[in-house]
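Subject: Structure for your review

Dear colleague,

Please find the structure below for your records. My notes on it follow directly after.

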Number of protein chains: 2
Amino acid sequence: MQMKIDSITAAPNEKELSGRLEKIRRRMVEQDLDIYVSYDPVNIFYLTNFFNYVHERPFILVIGQEGAPVFVVPQLEKSHVRHRTGCELDLRVYPEYPAPEGKNWYDIYTSLIEENAKVGVESAMTLEIYDATPGNKVRTDVINEVRLIKTNFEIGKYFYACQMLNLGHEKLLEVCRPGKTMIEINNTVSHHVMSKVITELQAFNVLNTKIYGVVSPPSISDDPHNFTNLFQMMEEGGPHVSIVAGQIDGCGVELERTFFLGSVPEAAETPFKVMMEARNLAYDRLKPGAHLGEIDVAVKKYFDKSGYLDKVLHRTGHGIGITGHEAPFLAEGYNREAEPGMMVSVEPGIYLPDLGGFRHSDTVLITEDGNVKLTSAPESLEDLIINF
Amino acid sequence: MQMKIDSITAAPNEKELSGRLEKIRRRMVEQDLDIYVSYDPVNIFYLTNFFNYVHERPFILVIGQEGAPVFVVPQLEKSHVRHRTGCELDLRVYPEYPAPEGKNWYDIYTSLIEENAKVGVESAMTLEIYDATPGNKVRTDVINEVRLIKTNFEIGKYFYACQMLNLGHEKLLEVCRPGKTMIEINNTVSHHVMSKVITELQAFNVLNTKIYGVVSPPSISDDPHNFTNLFQMMEEGGPHVSIVAGQIDGCGVELERTFFLGSVPEAAETPFKVMMEARNLAYDRLKPGAHLGEIDVAVKKYFDKSGYLDKVLHRTGHGIGITGHEAPFLAEGYNREAEPGMMVSVEPGIYLPDLGGFRHSDTVLITEDGNVKLTSAPESLEDLIINF
């Protein structure tokens with residue numbers, strides 16, 4: 001048992017990281033790319049376990065068809081890079097940004113790529129780096145493609161991260177009472193989770209770890225991204241909408257619930273039921289082979305039939321990964337089928353201006369024959385009436 | 001007096017924001033641009049006071065020569081945008097990312113720009129947005145240029161943010177004792193500062209507010225970015241190097257000191273003196289008209305003469321602004337003169353592998369006839385021997 005716990009709290013080892021690189025290189029061959037350049041810190045983290053701050057000193061990963069990837073880094077960060085990276089890398093160090101003529105990051109970077117090379121670059125690459133990149137450039141997101149399907153190691157890490165959210169949500173329901181402010185609840189929940197994470201996760205990275213545990217009370221829960229007043233107080237009744245989410249050592253996960261303090265206004269019963277039904281409908285369809293855009297279409301059709309379509313503000317779900325918000329999407333217009341190893345949020349929601357918001361969200365893994373929720377908290381209306 | 005305090009803790013008003021926009025438009029005219037497009041969340045915050053998360057749903061600001069700038073935003077964030085923006089904006093809302101055909105962000109975005117328009121785009125723009133941008137595109141960083149010179153309103157905000165760092169550093173020196181871990185110190189300092197910020201700053205934005213208060217003990221202070229072990233303990237002696245820094249309602253500021261617990265190893269006396277001398281040299285030169293790259297060259301020359309040049313890991317300083325790390329740079333190879341209203345860190349440092357790091361850093365404003373430190377903490381060796 002200890003072994004199992006170890007494996008999901010450790011940093012990725014060389015085998016895990018070289019497996020990821022292998023998949024990138026297979027796609028490079030398919031697309032006839034000599035070089036792939038990654039500048040996106042999220043993709044660099046995925047391949048190296050090094051997470052850089054985004055600032056003016058560039059970090060650039062240059063992947064050829066063979067040998068260790070070349071990593072262009074500033075001198076100041078060389079030791080930090082060595083501490084974190086779990087794979088073989090050919091470090092090329094530039095002294096500073098900016099630097100004296102001939103010693104700038106682009107002097108090193110451009111010397112790595114031949115003028116006639118076919119070079120894959122990311123959609124997230126900035127113009128500054130793009131303009132400095134030699135070769136015949138093609139925009140293609142091969143690392144993002146590979147990230148869509150989680151490895152077993154990753155599934156273990158996300159499972160752990162979701163367990164932390166479960167603990168956080170338990171604590172949230174315990175402390176959420178009328179009169180409590182959003183900021184108090186957030187402080188309690190995030191501290192509760194972080195204390196566990198920092199003692200359990202081996203060499204976890206503080207740069208990609210942050211936890212939120214917030215609740216929108218009924219007076220604002222119809223406006224799902226309104227966190228402008230941290231002193232907003234909880235109220236008797238509901239719907240309150242909780243968000244326990246964040247990034248735990250690079251795993252961006254979420255767990256959200258619609259709940260009530262003490263009592264349920266009568267007007268809230270139907271929208272709660274409709275939200276739950278929409279959710280069931282999404283879960284039933286979510287399995288390998290299902291068209292992800294069509295799941296959202298089916299949910300919207302159901303909302304339309306129930307008379308709530310004009311109260312929908314967002315898609316049914318989004319991919320879960322390092323950023324917590326990425327492909328694949330359960331959204332009309334997204335054209336891809338579900339595959340085992342994908343991870344998504346399932347969160348159809350409706351928002352009623354004078355009543356509040358109705359949304360549960362879980363972090364969900366697509367398996368060989370269906371799906372499984374990695375997060376867990378009460379779901380039914382009865383279980384979500386919190387007595388205080 | 002109350003008036004004064006109010007003005008530096010309030011969000012920017014319409015006059016402040018339209019003044020910034022005016023400067024952008026003046027540069028647009030100079031460069032013959034019909035349109036300027038901003039995608040960088042930092043530049044968007046500068047012009048609108050709205051700070052977006054960076055995620056898959058794009059926020060794009062399209063500035064023409066006249067009228068309210070157009071802001072392309074996802075439906076879900078419309079109310080959040082309205083809450084935060086302190087200026088007139090023409091909001092254009094897309095339903096979701098992705099969306100059904102004809103309703104995606106790029107459908108709205110591309111309709112805003114004529115094919116023959118001359119369009120300025122940022123170095124930080126991603127390829128995805130760039131490729132979707134119509135017109136005759138020119139990479140030019142006009143907003144970043146304007147950000148180089150702070151307005152009086154901004155100077156007030158940064159002054160307030162620096163006062164918060166001063167409090168944090170006072171607390172840090174109070175609690176830093178042998179045996180204390182980095183994480184304990186950070187928790188105490190950041191909580192101390194945040195408690196004040198959240199009660200004093202009107203409508204402060206939690207999305208661009210974070211505080212760090214860390215110390216590298218002598219065993220690792222020679223490696224300035226090594227924060228990989230949060231349980232690292234403080235030690236008797238020194239040099240310890242503190243960093244109290246972060247972003248306070250969008251002001252990225254810093255205050256750092258080299259200090260000693262109880263006693264100073266004899267070997268530390270000379271490098272401390274050399275660091276202080278390098279610092280004096282930089283401060284003496286830092287005034288309007290001074291070539292910023294040459295200040296770093298002068299500091300390096302002095303380090304060379306003192307026999308420490310091979311122990312230098314970074315430039316003399318960097319610009320202070322929303323990100324905390326941006327132009328202008330006190331760095332060899334940077335070719336620009338100092339101007340009143342620029343804000344920089346001054347932090348020449350040397351790093352001795354078996355002894356530790358030596359660096360003070362302050363947030364410094366360039367004035368009409370010199371410079372003034374906005375941060376404040378003990379500076380001399382005597383004042384930085386902390387008895388416990």
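Helices H10(A) and H11(A) are roughly antiparallel to each other, because the angle between them is about 155° and any angle over 145 degrees falls in that class. Please note that the model is a predicted one.

Helix pair in chain A

H10 covers residues 266-285 of chain A and H11 covers residues 292-306 of chain A, and their axes lie 9 Å apart. The two helices cross in a right-handed sense. On the H10(A) side, the residues that meet H11(A) are Val274(A), Glu277(A), Ala278(A), Leu281(A), Ala282(A) and Arg285(A). Their counterparts in H11(A) are Ile295(A), Ala298(A), Val299(A), Tyr302(A), Phe303(A) and Ser306(A). Sorted by class, this contact of H10(A) with H11(A) comprises 9 nonpolar, 1 polar and 2 charged residues.

Helix H3 of chain A

Helix H3 (residues 41-48) of chain A is mostly covered, with 6 of its 8 residues buried. The buried residues in H3(A) are Val42(A), Asn43(A), Ile44(A), Tyr46(A), Leu47(A) and Thr48(A). These pack against four elements of chain A, namely helix H2 (14-30), strand E1 (35-38), strand E2 (60-64) and helix H7 (142-147).

Contact between the chains

Chain A and chain B each contribute 46 residues to the contact. On the side of chain A that touches chain B, the elements giving two or more residues are helix H4 (78-84), helix H6 (127-132), helix H9 (182-200) and strand E11 (326-330) of chain A. The residues on that side of chain A divide into 19 nonpolar, 15 polar and 12 charged.

Sheet and hairpin in chain B

In chain B, an open sheet is formed by 6 strands in the order E4-E3-E2-E1-E5-E6, with mixed pairing. Strand E4 (90-94) and strand E6 (136-139) of chain B stand at the edges; each has a single partner strand, so one side of each has no neighbour in the sheet. On average, neighbouring strands of this sheet are turned by 25° against each other, direction ignored. Within the sheet, strand E2 (residues 60-64) of chain B and strand E3 (residues 70-74) of chain B run antiparallel and are joined by 3 bridges. Leu61(B) has Phe71(B) in E3(B) as its bridge partner.

Strand E10 (residues 317-319) of chain B runs antiparallel to E11(B), and 3 bridges join the two. Gly317(B) stands opposite Leu330(B) in E11(B). E10(B) and E11(B) form a hairpin with 6 residues between them, and Gly324(B) in the turn has a positive phi of about 85°. Strand E11 (residues 326-330) of chain B is mostly covered, as 5 of its 5 residues are buried.

Cys176 of chain B

Cys176(B) is placed in the loop between helix H8 (152-175) and helix H9 (182-200) of chain B. Cys176(B) is buried because 23 other C-beta atoms lie within 10 Å, where 20 or more are required. Not counting residues up to four places away in sequence, Cys176(B) touches Ile185(B), Val215(B), Met234(B), His240(B), Leu261(B) and Ile386(B). Met233(B) is 57 residues from Cys176(B) along the chain, and their C-alpha atoms are separated by 9.8 Å.

Yours sincerely

Conventions:
Residues are numbered from 1 along each chain as its sequence is written. Chains are lettered from A and ligands numbered from 1 in the order in which they are written. This is a predicted model: local features need pLDDT of at least 70, side-chain atom pairs count only at pLDDT 80 or more; totals for chains, interfaces and linings use all residues. A residue is buried if 20 or more other C-beta atoms lie within 10 Å of its own, exposed if 12 or fewer, and partly exposed in between; C-beta atoms are placed from the backbone. Two residues are in contact if their C-beta atoms, placed from the backbone, lie within 7 Å. Two strands pair if DSSP finds at least two bridges between them. Axes are lines fitted to C-alpha atoms, for helices over the stretch in contact, and angles run from 0 to 180 degrees between N-to-C directions. Angles under 35 degrees count as roughly parallel, over 145 as roughly antiparallel, 65 to 115 as roughly perpendicular and the rest as oblique. A crossing is left-handed if the near helix is turned anticlockwise from the far one by less than a right angle, and right-handed if clockwise. Ala, Val, Leu, Ile, Met, Phe, Trp, Tyr, Cys and Pro count as nonpolar, Asp, Glu, Lys and Arg as charged, and the others, Gly among them, as polar.
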